[in-house]
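User: I would like to go through the ligand sites of this model with you. Could we start with the contacts?
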Amino acid sequence: MNIIVAGGDGFCGWPTALYLSKQGHDVAIVDNLVRRKIDKELGSNSLTPIASLEKRVDKWKELTGKKIKIYIGDLNHYDFLSEVFRQVNPGAFIHFAEQRSAPYSMIDREHAVYTQSNNVLGNLNVLYAIKEFAPDCHLIKLGTMGEYGNPNIDIEEGFIEIEHKGRKDRLPYPKQPGSFYHLSKVHDSNNIMFACKIWNIRATDLNQGIVYGLRTEETMIDPILNNRFDYDGVYGTALNRFLIQAAVGYDLTVYGKGGQTRAFLNIEDTVRCIEIAVNNPAKRGEFRVFNQFTEYFSVLNLAEKTKEVGEELGLKVNIQHIKNPRVELEEHYFHAVNTNLIDLGLKPHLLTSEILKEVLKVAIKNKNRAIIENILPKATWR
Ligand code: NAD
Ligand code: USQ
C-alpha cells in the first residue's frame with residue numbers, strides 16, 4: 001500500500017516508517033522538521049545522537065534496498081500537501097505531525113496559539129486533502145488518552161452509552177483535557193468525526209498513552225537509524241525522563257504526590273498498533289476510536305521501579321517530590337478500556353525490569369550529552 005507517514009522524522013513516526021517499509025509498503029515521510037528547530041529554540045537535544053532525515057533514509061536504502069520517499073514541508077501549506085497527495089495517492093495517511101508537548105503549549109500565549117493552529121489547522125488540511133484527492137484513503141490519526149482527563153468513572157473507547165430522562169444514545173465520551181496541547185487533540189477528534197459523517201471519509205483516532213522506550217528492531221540495525229530520546233522538562237515524558245535522570249545522577253522529579261495515573265505503552269507496540277490499524281481499515285464514513293495503551297501506572301510507581309532497576313545496575317537513585325508545575329489531580333480514579341486493539345491481535349510488550357534496564361543502559365551510554373539545566377520543568381500552568 002502507498003502510505004504517508006506525516007511526522008516521520010519524530011519519535012513515534014520514524015520507527016513506524018521503518019517498520020511499514022520493512023513490511024513491504026511504499027512509505028513516504030512528510031515532515032517540516034520543526035521538532036529539530038524546537039530543540040534549537042529550547043537549547044535542548046535528543047540524548048541519543050540523531051542523523052539528518054536524508055542520512056537516515058539513505059542508510060535504510062543501503063541496508064535493506066527499500067526506498068522511503070521524503071517530502072519536507074508543512075501540513076499547513078495546502079499547496080504542498082495537495083502535491084504530496086497527487087504524487088503519492090495514499091491508501092493510508094498516518095498522522096503523527098503535531099506539536100506534542102503539553103508543557104510547550106503552556107509556555108505562553110504564542111506557544112498555545114502555535115500548538116493549536118499547527119495541530120488543528122494542519123489536521124483540517126489533511127481532511128480536505130483526503131476529500132479532494134484520495135477519498136478512499138484511511139486516516140490513522142494520533143490522538144491521546146489525555147483527551148479524556150480523569151473522570152471518576154471508567155473511560156470507554158471514544159463513545160459511551162448514556163440513558164437520560166428515559167432515552168438512550170451512544171455519544172462521544174466527555175472530554176476534560178489538561179493542557180492546550182491535549183485540547184488540540186479534542187478539537188481534531190471533533191473535526192475528524194464531523195468530516196467522516198459529511199464526506200464519507202474513513203478514520204481511526206488512536207488515543208495513545210505515554211510512549212516509553214526508544215529502540216525498535218529496525219532502529220537498532222545501525223546507529224544512523226537511532227531514534228530520538230527526549231529528557232528535558234518540556235519534551236521528556238514520565239518514564240523515559242526518570243530513566244535518563246537515574247543515568248545522569250539527577251533526583252527523579254515526581255511532580256507533587258505522584259498519584260497521577262497514566263496509560264503507557266512501549267514504542268514497539270506503537271508501531272504494531274499502527275500496523276493493525278493499516279491492516280484493518282475503518283469503513284467508509286466510519287469514525288473509529290481505539291485506546292492505544294497496554295498498562296497503566298502512577299508516576300510515583302514508575303519512579304520506584306526506576307529506582308529499583310537503577311540500584312541493580314549500581315546507580316544511586318533518589319526520588320524527589322517537587323512542586324507540581326501543572327494544574328492536575330495528584331490522586332484520582334483511573335480505569336480505561338483498551339480492548340479494540342487487543343481484539344485485533346495486539347500482543348503487548350509489558351513493562352519488565354529487563355526492558356527498563358535496556359533503556360537505562362542506552363541512557364547511561366549517552367549520559368554525557370545531557371544538558372543538566374534543561375531537566376527541571378520551567379513552564380507552569382498558572
Ligand atoms: P515528535 O515531536 O517526536 O514528532 C512529531 C513530528 O511531526 C516531528 O518530526 C515534527 O517535525 C513533525 N511536525 C510537527 N508539525 C508538523 C507540521 N505542521 N507539518 C509537518 N510536520 C510536522 O512527537 P512524537 O512523540 O513522535 O508524537 C507523534 C504523535 O503521537 C503526536 O501527534 C503526539 O501527539 C502523539 N502522541 C505521542 C505520545 C508520546 O508519548 N510521544 C503519546 C501519545 C500521543
Ligand atoms: N510528570 C512527573 N514528573 C516528570 C514529568 C511528568 O511527575 O518529570 C507527571 C506529569 O505531571 C503528568 C504525568 O507525569 O501527571 C505525565 O506527564 P508526561 O509529560 O509524561 O505526559 P503528558 O504531558 O501527558 O504528554 C505525553 C506526550 C503527549 C501525549 C501524552 C499521552 O508528550 O504527546 O499525548 O503523553 S497521555 O498522557 O495519555 O495524554
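User: Which atom of ligand 2 does the backbone of Thr 253 approach, and at what distance?

Analyst: A backbone N or O atom of Thr 253 is 2.6 Å from a nitrogen atom of ligand 2. This is a predicted model, in which local features need pLDDT of at least 70, side-chain atom pairs count only at pLDDT 80 or more, and totals for chains, interfaces and linings use all residues. Residues are numbered from 1 along each chain as its sequence is written, chains are lettered from A and ligands numbered from 1 in the order in which they are written, and side-chain values use heavy atoms, with hydrogens and water left out.

User: What about side chains at ligand 2, say Glu 328 and Arg 262?

Analyst: An N or O atom in the side chain of Glu 328 lies 2.6 Å from an oxygen atom of ligand 2. For Arg 262, a polar side-chain atom is 3.2 Å from an oxygen atom of ligand 2.

User: How much of ligand 2 does the protein bury?

Analyst: The protein buries 95% of the 740 Å² that ligand 2 exposes when taken alone (accessible areas by the Shrake-Rupley method with a 1.4 Å probe).

User: And which residues come nearest to ligand 2?

Analyst: Thr 144, Tyr 181, Ala 238, Thr 253 and Glu 328 come nearest, out of 23 residues around ligand 2 (a residue counts if one of its heavy atoms lies within 4 Å). Helix α7 (180-199), helix α8 (238-248) and strand β10 (252-255) each supply at least two residues of this shell; helices (H or I, at least four residues) and strands (E, at least two) are DSSP runs numbered from the N terminus.

User: Moving to ligand 1, which polar side-chain atoms lie by its oxygen atoms?

Analyst: Lys 185 places a polar side-chain atom 2.7 Å from an oxygen atom of ligand 1, and Arg 100 places one 2.9 Å from an oxygen atom of ligand 1. Of the 830 Å² of accessible area that ligand 1 has on its own, the protein covers 98%.

User: Which elements give two or more residues to that shell?

Analyst: They are α2 (34-42), β5 (138-144), α7 and β9 (210-212). Among the 28 residues around ligand 1, those that come nearest are Cys 12, Asp 31, Asn 118, Tyr 181 and Lys 185.

User: Last topic: which element has the lowest mean pLDDT?

Analyst: Helix α8 has the lowest, at 96, while strand β1 (residues 2-6) has the highest, at 99; pLDDT is the predictor's confidence in each residue, from 0 to 100. For the protein, the mean pLDDT is 98, with 100% of its residues at 70 or more.

Conventions. Polar contact = N/O pair within 3.5 Å; in protein donor to acceptor, adjacent residues only side chain to side chain.
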